[in-house]
Amino acid sequence: MSDTVLARQRQILADIDAALARQAYEAATALSLEALLWPDARLEGLRHLVQAALGAGRLDDAARHAAQLVKSSDVAADIVLEGVVALGRGRAEQAVFCFGRALDMDATHPLAAVGLYQAASLFSPALIDILDRVIPALCWNAETNETCLGVLRGLVASGAIPAVAYPCGGRIDGIAGASAQRAELRWNDLVVAQMPLSATLADARLCPFSFTVPTDLAGRARFDIIVDGGRVLGAPLEPAATQPPRLMARAMRIAEGEGGLIVRAWDAACPARPVALDLLGPDGQAHRLVFRPEPGAKLADAQTVPILAPEEGVRGIFPSTQEPVYWPASAPRHRPGSGVLSRDQAPPRPIDVIVPIYGDEAVTRACLSALRDSLVGAYARPWVHVILIADAPADAAVVALVAEVEAQGWATVLRNACNLGFVRTVNRGMALHSDRDVVLLNADAMVHGDWLHRLTVAAYQDAAIGTVTPLSNDATILSYPDIGGTPLANTPIPFLDDLAAATLAGQIADVPTGVGFCFYIRRDCLDDVGYFDAEMFGQGYGEENDFCWRARARGWRNVAALDIVVGHVGGSSFGAEKLDRIATAMGTLNRLHPDYEPAVHAFIAADPLLPARRALDLAWAQSQGPRNCLVVCPVLGGGTDRFVDDQVATLTAEGVGVVLLRAEGWQQPAPEGEERRPAKPPRVFLEIPGMPQLRSLVYEGTAGLPQLMLDLRALGVERMVVHHVMGVPSILLDMLAAQWPYEVHAHDYVWICPRINLVDGSDRYCREPSVSVCETCVLGNGHRLHPSDLSVTTWRRSMAAFLVKARRVICPTQDTARRLAAHLAPLVMAQSPGTALPLVVRPHPDLEMPATPLLTVPAHPSMVRVAVVGAIGVVKGYDVLLDCARDAQARNLPLEFLVVGYTKNDTLLFETGRVRVTGAYTRDETLDLLRAGQSHLGFLPSIWPETWSYTLTEMLAAGLTVAAFDLGAQAERLRHHGRGMLMPLGATSPRINDALLELARRQGIVPAGSGGSASP
């Protein structure tokens, strides 16, 4: 279609709007009829005809045109228009049909919901029937549509409904009737928050309420709202409705030479949610836009706003969050263009580096020394000027240091006649030269190398950049390597700065706010935004955050220079007053900019700087040599972690570089009746032994796995050791197995049992039944693996395929190898005839075992003391121990138990009077605790076939004779060791206690007045 035709169509529709504005019905009708001649404009012309007839009060004409419109249109808004006409003609039943049909097409259409309510109110028999359809749509739009909210208020005020709740800007708002007493926010029947209710002065019939959704549940949880014991309408709210909003907007000219804007706004967190945007013109004129995506659309259509010229200064505010949104309508004439500056190229303006000085002479001296070194020799630039402003320091050493620098002549020194405070001192420095950019440098910051050149390059990468902040060891959201901050003494700043310069050269990232320890401000931004607010922020803290937020409101970007790391002592400038200043500043910021803190929290949650920190971590790890061996194991606790720690220590001592891979948060089955959800976001992270500071080798979700593989190759991985696969997604396991040769260590039965330990739902050893029984067990009792809906058959086949490709599968005992072979060998033969599982039996490194008991005990103790070692949960025999303690109490046996460790419920054990518990211990303390406890025997009550048992090792090494069930590695090892007693699994507590007393007698330990005799 030619530009002339398009222009004519556009002109016709514009003329119709103008005629309607003048209430010139005949003119609008004539123009609309002309529009009908153009196929592309036909529907729009019919819409204009309906609106023109409605505006002129010609309802019969409007009805005729509306009937034509809906015959050709399948858009809900057109059917709503027909309903509006029917309602205007008093045809309530027809209107109910139209609005109902529109809601069928678009369940959240606000006008359809309001119209259906109004029509049904007239056609009273249908009113109750439509509430279930109308209220969800009204609630969905209540945040952005005052009419929808008004209908909800009217329904509650009239008593038609007792209460209602709806999402609003990441909160949950609601209205209850005047008699309501209390509202509760519930999740999984737990009360998350509650509040008393009272009527408002504006309307005594209504009790409003509002709940803030907990950050860790927002967007993930399904919430109920309860008022006086009853669930309100509009609840429960689905997770998407409570997703914290991330509101965004864009604007552009309609066309060159034409007035008006084309505006688009959306919620990036929940694109289906309607968004309201208030546009404010330079003269204060306001215009509200509501952006509501049609069903199935990703974003709402852009809207044309002809009433506002696209002049600089037009700004938008999201009323739900009061977050300002600014866009430059055209490039400001006073902003220099962007471009990469060469090393010797002068920036568009000279630069003043302003250093306020007050206290801490040692730290200030170090700062100034580093600053001077960075501006001499190869780094010297004639357009850089250093200005020191002494703010009437009270410390004579600081006064002397200022005089010393002044005598050296490399910086301009100014002195305040009296103490002005940090903010006023900085403002004084920034006002000195109106033609210069400024860098504010705290006196506790440590710069290095050509930091200022890199900072300037970052500042002029884009014309809209107003402020730049580097990374630092202690800079809140810009901290590295730990985002929580690291003491300067523990951070090699020159090394890290060089690392950043090489790894992230020229890279920047948008941030909600800069951090004032080292803060570049372009002069054009400073002229536009103004100086720091000395009245509000007094002696300092929060002033740069306020400035950044004001700059952001005027269209400037705050960015981080990712290729610079500047050291920061952290709080030295303010000493012990730091926490008080932070609290005061945050209160002021929240009062001035209510949207500031939510935006910062959203930034922290999204963590857009993670890739940069990860790249630095990777480069740092690479600088320490290749990591040849990848060790895969989640943090499990107990013997597995102990073995892995020992293996890593051995490999490291042999000069082998090791990297540990951990996975967490991948979806696990929830308890029955609860919604399935991961406790943490699914991610994989790497640990580098000996480098605990590297905390950003993190890879989020499935999308992060390709980068993980690239980084592992970059680290130099050549082989892999797999200790466990719990929490490791199958896609990652396949990727790893296809990349490197590997060996596997069996620490439990995860390879054949999704519940890991061969214990069924009754907390007993399952005795390894047929696979069909296992399927029923897992289905009814859950499991601990990923994916959450796996079958035992599928799992075993995948593990057989994985293990058979290993170089070897190392089992610590023959019993472990036998059990794995029994279940997996047939699957291997079925998959690859003639292939065998590469099972190898290799016991764990053991402690020296004395041939005879080492403990000296009296021949007639008052009690036989039995040691139980470890973290005693159900599978480790907690119920067995509790029953034995209760039996010893009931029969008054000369028997007591010493738990070296802790249990799932110490209190129940204490109630028997026959158990003592030492509490958690380190591995180096075990033998000392056993000896200090003067135990006579050891007892391993574990009810599953252990694969090794370090606690058995420790009891034997302490010289104890140990009793255990005739099961698994514990039985195999006791038979091999030749000192102990094996009991049948399932023996009753009286039989176990009698056996323990008999074992004591065999050891020559005869308790005074003992009873009981039988032994198994």
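Modeller: L758 is buried, with a relative accessible area of 4% (buried is under 20%, exposed over 50% and partly exposed in between, with a 1.4 Å probe and protein chains only). The model is predicted, so local features need pLDDT of at least 70 and side-chain atom pairs pLDDT 80 or more, while totals for chains, interfaces and linings use all residues. Residues are numbered from 1 along each chain as its sequence is written, and side-chain values use heavy atoms, leaving out hydrogens and water.

L758 lies in the loop between β29 (742–745) and α24 (771–781); helices (H or I, at least four residues) and strands (E, at least two) are DSSP runs numbered from the N terminus. The phi of L758 is positive, near 60 degrees, and the residue is not a glycine. D763 is placed in the loop between β29 and α24, and its phi is a positive value near 60 degrees in a residue other than glycine. D763 counts as partly exposed, at 32% relative accessibility.

Next come the cysteines. The count of disulfides, meaning pairs of cysteine sulfur atoms within 2.5 Å, is 0. C777 is in no disulfide, and the nearest cysteine sulfur, that of C774, is 6.8 Å away. The relative accessible area of C777 is 17%, which makes it buried. C629 is buried at 0%.

C629 is one of the residues touched by V659, where contact means heavy atoms within 4.5 Å. V659 is part of strand β25 (residues 658–664) and counts as buried at 0% relative accessibility. Leaving out residues up to four places away in sequence, the others that V659 touches include R627, L630, V631, L686, I688, L712 and V717. P626 is 33 residues from V659 in sequence, and their C-alpha atoms are 9.6 Å apart.

Helix α27 (residues 878–890) packs against helix α32 (residues 989–1002) at an angle of about 75 degrees, with the axes 9 Å apart. Here axes are lines fitted to C-alpha atoms, for helices over the stretch in contact, and angles run from 0 to 180 degrees between N-to-C directions. The pair α27 and α32 is therefore roughly perpendicular (65 to 115 degrees; under 35 is roughly parallel, over 145 roughly antiparallel and the rest oblique). V880, D883, C884, D887 and A888 of α27 make the contact with S989, P990, I992 and N993 of α32.

An open sheet is made of 4 strands in the order β4-β3-β6-β7, with antiparallel pairing; strands pair if DSSP finds at least two bridges between them. β4 (190–196) and β7 (230–231) are at the edges with a single partner strand each, so one side of each has no neighbour in the sheet. Strand β6 (residues 223–227) is joined to β7 by 2 bridges, and I226 has R231 in β7 as its bridge partner.

The peptide bond from A235 to P236 is cis, its omega near 0 degrees. Another cis peptide bond joins Y480 to P481, with omega about 10 degrees. P481 belongs to the loop between β20 (465–472) and α14 (493–503).
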